[in-house]
Every structure is written in C-alpha cells, then in structure tokens.
Amino acid sequence: MSLVGAVKRANAKGTPEESIALRVAVLVAVLAAAGAAVSQGVGGPTLRVAATLGIAFGFAYSHHARYQNGYVLKGFLAAGVLLAFGSFLSQTSGAGAQALNELQVPLAELFLWVQVLHSLDVPARRDLLFSLLSSLVLMAVAAVLSVSSALGPFLLVWAIATLASLVLAHRSELAERPSLDVPLPSAAASTRAAGRKSVRPVVAVVAMALALALAVFLVLPAAGPGRAVAFPSRLANRLPVPEQGGLANPSLGGDDPASRDGQTSSTGTGRASTGYFGFSESLDTGIRGRPDNTLVMRVRAARPDFWRGQTFDTWDGRTWKQSDQRIRSSSGDGAIELIRAAEDRPFASGRELIQTVHVEATGPNLLFAAHSAKKVYFPDRRVFEMSDGTIRTAVHLPDDSVYTVVSERMPAGEDDLRRAGEIGRRGDDAALVERYTTLPPNVPKRVRELADRLAAESPNRYDLVRSIERWMAENTAYTLDIPPLPAGADAVEQFLFEDQQGFCEQIATALVVMLRSQHIPARLAVGYAPGQRNPFTGMWEVRAKDAHAWAEVWFPSVGWQQFDPTASVPLAGDPYSGAAATGLLAYVKAMLPSVPDALRTSARPLVLAGAPLLVGAFFAVRELRRRRREARRAWADVALGRLERMGTKQGRSRRPWETPTGYARTLAVSVLADARVQRVAALVEADAFAPGPPDPDARAEADRLLTELEERVGV
C-alpha cells in the first residue's frame with residue numbers, strides 16, 4: 001500500500017448521513033454540553049457565541065457539504081486547532097505544581113474550541129457519533145467545575161438528546177440494510193417494526209442504568225475530603241480594604257467597620273439584605289432583625305461544622321467586643337501556614353477537615369472555616385490572624401471568590417470532655433482564665449444564682465453546659481420576633497427571666513455569661529451554621545439567614561469546644577459517615593413550595609377520605625381498559641371468550657384443538673347442560689365465517705343468551 005493511498009483512505013469520508021432528525025438530535029446534545037460548560041464560567045464572549053451559533057452553523061454546513069471532499073476544510077480546521085492550543089499554552093505558562101487547579105478552565109476552553117471546529121466537519125454517521133462522545137466528555141468537564149444544581153437542566157436535555165441520537169442512529173443503520181425481495185409496503189413495515197424493536201432494549205438499558213445509579217447514590221458513602229496537589233482558589237478581583245488587617249463588611253452599608261464617619265464603603269451603597277450585624281467590631285444584642293434567604297456561600301466539606309468567622313470576649317451587659325486587636329500577617333506561595341495561638345493548637349493529633357468555600361455574595365473580609373484553621377489556600381497569598389483564630393484578608397471577597405481552609409480539631413467526644421476537668425480553674429492557664437472569665441461587676445443576682453444552682457447539680461463543666469442548655473430549652477423559647485431590649489436592661493436577665501424568648505445571640509450569650517460566673521473560660525463565636533447539604537453536589541449551601549452565634553467553651557487538655565442550644569452539630573469526636581444521598585429528602589422538600597397551614601392541618605382527613613376513592617378509581621380504570629381492549633377485538637372473539645370463561649369456571653377449559661362448536665357441544669352435555677350453549681356456538685361460528693356483513697339480530701340474540709348463561713353460572 002502506497003503512502004498516498006493510506007492518506008487518502010484515512011481522510012476518506014464515510015457514507016454521508018441523510019437523517020436530518022439524527023443530526024438535529026446530536027446537535028441538541030452538543031449544544032447542551034457546551035451550554036453546561038459555558039454556565040460554569042468557561043470562555044469569554046467570543047467563545048460563548050461560537051459555542052452556540054457557531055456549533056449550530058457548523059452542523060448545518062456539514063449537512064450541506066456532506067458530499068464534498070474536505071481537504072481544504074481539514075487544513076482550515078488543523079490551523080484553528082493549533083491557534084486554540086497556542087492560546088492554551090499562553091494562558092497556562094508559568095503555572096506550577098501548586099496551581100494545577102488553574103489549568104481547569106483553560107483546558108475546558110481548549111476542548112470547547114475543538115468541539116466548535118469539529119462541528120464544521122461532521123458529514124457521516126460516525127462523525128456525528130464522535131461528536132456525541134465528545135459531548136459526553138464536555139459534560140463531564142462541566143460537572144467537575146460545577147458547584148450547584150444549575151447543571152441539572154443541561155444534563156437532562158443532554159441525556160434525552162443522547163438517547164434519541166442513539167435510537168435514530170440505529171434506525172438509520174437499519175434503513176441502509178438491503179431488504180428482502182418483497183413488495184415495498186412490506187419492506188417499509190418491516191423496517192418500522194425493526195426500529196420499534198431497537199428502541200426497547202435502549203429504553204430498558206437506560207431504565208436499568210438509572211435504577212442502578214439511584215441505588216448506588218442512596219448507599220454510596222459521601223466523598224471524603226481528599227488530598228490534592230493543589231486546592232481550588234480564585235479571586236474575582238483584588239480590591240484592597242481601607243486598612244490592612246482591619247475588618248471590612250460592605251454588606252452593612254453605613255455600619256461597615258471600614259467606613260469613615262458613617263459613610264458607606266466603596267464597595268456598597270447601603271445595608272444589604274444579607275448583612276449580619278455580628279460581622280463587625282462589636283455585637284449589640286439589642287439589635288433586632290435577621291438577614292434574608294440569599295445564598296452567601298457553598299462549602300465543600302466531608303462533614304458539617306460551624307463555619308466560624310470571629311469571636312468576642314468582652315461583655316458589658318448588652319454589647320460584645322474583642323479585647324485583643326493585635327494582628328499578625330501570614331503569607332505564602334500556595335499554602336499559607338497559619339501561626340495560630342497556643343490555645344488554638346490541638347493537645348494531641350488532631351482530625352483534619354478540608355473546606356473549599358465558594359463565595360456567592362459579597363460580605364466581610366473574613367475567611368469562614370471550622371475551628372481551628374491551620375492552613376489556607378488563598379489567591380492573594382497573604383492573610384491576617386488575630387489571637388482568637390480570626391482570619392482576615394487584605395482584600396474584599398466579592399462573589400465568585402474561592403478559597404480553601406484546612407482545619408484541625410482534637411477528636412473529643414462526650415466522655416473525653418467529661419474527663420477533661422472539674423468545674424473551676426483546675427488545669428486552666430491563668431492568662432486564659434483572666435481573659436475569658438471576666439464579667440462586668442453588675443451581673444444580675446438572679447443570673448448568678450441560677451448558674452450556681454445548675455453548677456451544684458453538675459459534676460463537671462461538660463455536664464454543666466448541657467444542664468444550662470436543658471434549662472433554657474424548658475424555660476425559654478426560640479423566636480426571631482422578640483421585643484426591643486429596654487434601655488439600661490441587662491440582656492441576659494431580660495432573656496432568662498422577663499421575655500423568656502430570644503434568638504441565637506441572646507441564647508449563646510446567656511450560656512457564656514453563666515459559665516463565666518463559674519470561672520469556666522468561654523467566649524461568643526459568630527459565623528454561619530452548617531447550612532443545608534445539597535446531595536447532588538455534595539456541598540453545604542449556606543444562606544444569609546444561617547448567620548449564627550454560639551458559645552465556645554475551654555476544656556483543659558482538649559481546647560475550645562463549640563456548643564449551641566439552637567442547632568444540632570456533632571462534636572469533633574462524634575462519628576459522621578453520611579451517604580452521598582444524605583439530606584436528599586430535606587433538600588427536595590426545601591425546593592418545593594411551602595404547603596399552606598390549612599392544607600397541612602387537613603392533610604390526614606383528606607388522605608383517609610381519599611384512599612377509598614383512589615382504590616375505587618384504580619379498579620374502575622382497570623375495568624375500563626379491559627373493556628376497551630375487548631372492544632377492539634372481533635365480536636366473535638369476544639363472544640367466544642365469554643363462553644370459555646363460563647366453561648372454565650365450571651371446571652372444563654377449552655382444549656387447544658377444539659373448535660367453538662365442538663367445545664360448546666361438550667359444555668352442553670356436561671358442565672353446563674343447557675341447549676342455549678350450542679345455539680350461541682352456532683351463531684358465533686356463523687358470524688365468524690359469514691361471507692357478507694354481520695347480522696345485528698344474530699349478534700343481539702347471542703349476546704342475550706350469553707348474558708342469561710352468565711347470570712345462571714354467576715360470572
């Protein structure tokens with residue numbers, strides 16, 4: 001074989017595909033995959049237009065030019081691929097081993113450009129099927145980049161279009177096969193029948209695959225934290241905060257700590273609905289109002305935890321503040337190793353929790369993570385630490401920012417905390433006790449007496465914490481609608497003994513104050529509750545309303561432990577082994593519209609009353625379907641079937657070799673013993689073999705006789 005011949009054969013086109021339906025189905029699948037990739041931030045304006053209009057034009061051109069030789073076109077496509085690859089190299093030059101994640105989007109853009117160029121040369125069925133396979137890879141790339149359920153509609157359209165493409169491709173192949181030497185109508189009917197048969201196994205395979213995928217999804221363990229060479233990090237822009245190391249929160253508008261003289265910061269024009277008053281330099285428990293339901297971040301983590309922002313340690317009866325404002329700068333290329341105060345380091349080998357946070361709404365320049373953070377992957381390469389473990393950034397964090405934090409906690413459970421020490425100063429550092437047990441001199445007497453009484457009943461500080469939580473659960477109520485705090489009133493006393501209702505700030509503050517009154521180091525932490533787990537992405541979806549306050553309590557030889565009477569989050573030592581589908585029902589329920597209260601209260605009687613109706617409707621529909629099937633059969637078959645049912649009920653079924661007349665004669669002299677049976681058989685046989693139109697009178701007579709016989713037999 002000559003070299004020229006080999007090249008010609010390699011570049012030879014397959015048989016041009018004539019099926020427009022197949023081409024359209026493949027086009028829809030490719031466009032769905034391209035749209036999925038674009039929706040994840042792949043490509044600029046030019047590539048996005050090319051991925052929609054360009055691919056559609058390419059498929060139309062390929063159908064129009066399916067009989068032309070493609071030498072010039074192939075040269076053009078080769079040049080286009082080289083240009084796309086050159087652009088990829090220029091974007092990724094200088095990326096090191098610690099920035100492998102930065103190759104994801106450029107690589108996806110390269111693959112999308114190849115898909116656009118390939119759409120110009122898909123004349124044959126094999127080319128279309130190759131495009132279908134490429135769309136699968138492109139959809140997988142989009143899934144890797146996806147952090148939300150927004151990929152779902154694209155995936156659904158792609159799956160339907162792919163299934164249709166496979167069926168149409170098989171039917172198109174069957175249509176090309178030579179038919180037998182039979183008249184044309186029979187050949188066409190045979191082809192249609194073969195096409196119908198080809199659909200069934202495809203549908204069966206898809207159904208089994210979906211059932212298997214669902215079963216695996218329900219029992220498969222959730223993905224672990226994993227350890228990659230590089231962790232995701234992205235910053236939409238680098239807008240510095242006014243004061244390096246200071247706190248900025250543009251979502252608070254004029255109350256932004258970084259604003260000057262009450263003026264809003266450069267990144268905001270007013271208080272946002274997502275702004276939480278606790279992400280500031282102080283927390284006033286007299287403030288009322290909560291953030292809305294806006295999604296503020298998504299967290300990829302192997303287990304739930306409090307996503308901690310900062311803490312407060314100084315209490316004056318109404319407001320919390322942070323006493324130690326010292327800032328330490330930490331930097332690094334790739335991973336930023338945090339200095340961490342001695343009290344924030346585990347006393348023994350800790351359990352690591354890796355969290356990748358995707359910012360969805362602009363908020364404070366705080367890195368939220370489980371306590372205690374030891375390593376940060378942040379694109380600005382520099383962060384600021386405070387003595388309580390708070391991590392601030394030198395730049396604002398707009399939406400679309402991504403960072404990763406590696407936290408470490410000592411895996412302590414209930415028994416570990418009970419053994420950690422008795423109530424009092426034993427085993428605590430003097431400086432730590434001084435800082436985290438200080439209270440104002442005017443703590444109300446009722447508050448101290450309640451704490452003393454509960455402490456007398458608790459052998460250790462863990463049981464005291466739980467005892468205080470139980471007392472508040474039995475004597476106070478959680479609500480967001482609480483009256484204003486009176487001027488000069490102590491917030492804890494007002495909550496415990498006057499209002500007896502409050503939300504997380506009042507509840508957590510009461511816990512901290514009562515623990516401090518027993519010389520137990522405690523502080524108030526603010527951040528976000530874990531949020532709701534999305535089982536389809538495996539990420540925790542955190543909303544503005546999840547902004548939260550809880551207590552952190554010090555345990556000798558263990559460290560800081562988080563407690564919250566209002567939210568259920570496992571201790572660091574508690575086992576957590578959620579499946580991939582963990583939270584599925586709760587997530588689906590949250591996505592559905594809320595049911596009105598009146599409907600919820602009447603749901604049970606409606607179910608009890610409607611169940612018999614549903615059962616009756618089921619049997620009515622089944623009977624209707626049976627009658628419709630019988631109506632489509634020949635009258636003689638229906639009449640003979642009625643006769644056979646009567647004989648079967650009497651213990652004499654029809655033998656395969658028996659004619660209707662012979663069977664009726666046997667019934668007439670045996671189990672039925674009625675001459676009307678033979679008359680019915682004669683009428684049925686005459687109707688079945690009559691050369692002319694049926695006789696309505698004969699059919700009416702046979703139906704009447706059959707009805708009389710059925711009444712006698714009880715059919």
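This is a working chat about one predicted model.

Biologist: What kind of model is this, and what pLDDT do local features need?
Modeller: The model is predicted: local features need pLDDT of at least 70, side-chain atom pairs count only at pLDDT 80 or more, and totals for chains, interfaces and linings use all residues. Residues are numbered from 1 along each chain as its sequence is written, and side-chain values use heavy atoms, with hydrogens and water left out.

Biologist: OK. How many helices and strands in the protein chain?
Modeller: There are 21 helices and 19 strands. Both are DSSP runs, numbered from the N terminus: helices are H or I with at least four residues, strands are E with at least two.

Biologist: How much of the chain counts as buried?
Modeller: Of its 715 residues, 47% are buried. Buried means under 20% relative accessible area, exposed means over 50%, and partly exposed lies in between (1.4 Å probe, protein chains only).

Biologist: What share of the contacts is between residues 24 or more positions apart?
Modeller: Such pairs make up 76% of the contacts with a separation of 6 or more. A contact means heavy atoms within 4.5 Å.

Biologist: Let's go inside. Which residues have the most contacts in the largest nonpolar core?
Modeller: Trp307, Phe378 and Leu496, in a core of 80 residues. Helix α14 (residues 504-516) gives the most to this core, with nine residues. A nonpolar core is a set of buried Ala, Val, Leu, Ile, Met, Phe, Trp, Tyr and Cys residues joined through side-chain atoms within 4.5 Å.

Biologist: What does Leu496 touch?
Modeller: Leaving out residues up to four places away in sequence, Leu496 touches Val447, Leu450, Trp471, Met472, Thr476, Ala510 and Met514. Another core lies apart from the largest one. That other core has 31 residues, among them Ala34, Val116, Leu132 and Trp158.

Biologist: Now β3. Why is it largely enclosed?
Modeller: Because six of its six residues are buried.

Biologist: Which sense does β3 pair with β15 in?
Modeller: Antiparallel, over five bridges, with β15 spanning residues 522-528. Strands pair if DSSP finds at least two bridges between them. Thr311 stands opposite Ala525 in β15.

Biologist: Switching to charges. How many salt bridges in the whole structure?
Modeller: The search finds 35. Each is a side-chain nitrogen of Lys or Arg within 4 Å of a carboxyl oxygen of Asp or Glu.

Biologist: Where do Asp305 and Arg409 sit?
Modeller: Asp305 is in the loop between β2 (295-300) and β3 (307-312), and Arg409 is in strand β12 (residues 402-409), 104 residues apart. Their side chains meet in a salt bridge at 2.9 Å, N to O. Asp305 is buried at 3%, and Arg409 is buried at 11%.

Biologist: Which residues are linked in a network of salt bridges?
Modeller: Asp674, Arg676, Arg704, Glu708 and Arg712.
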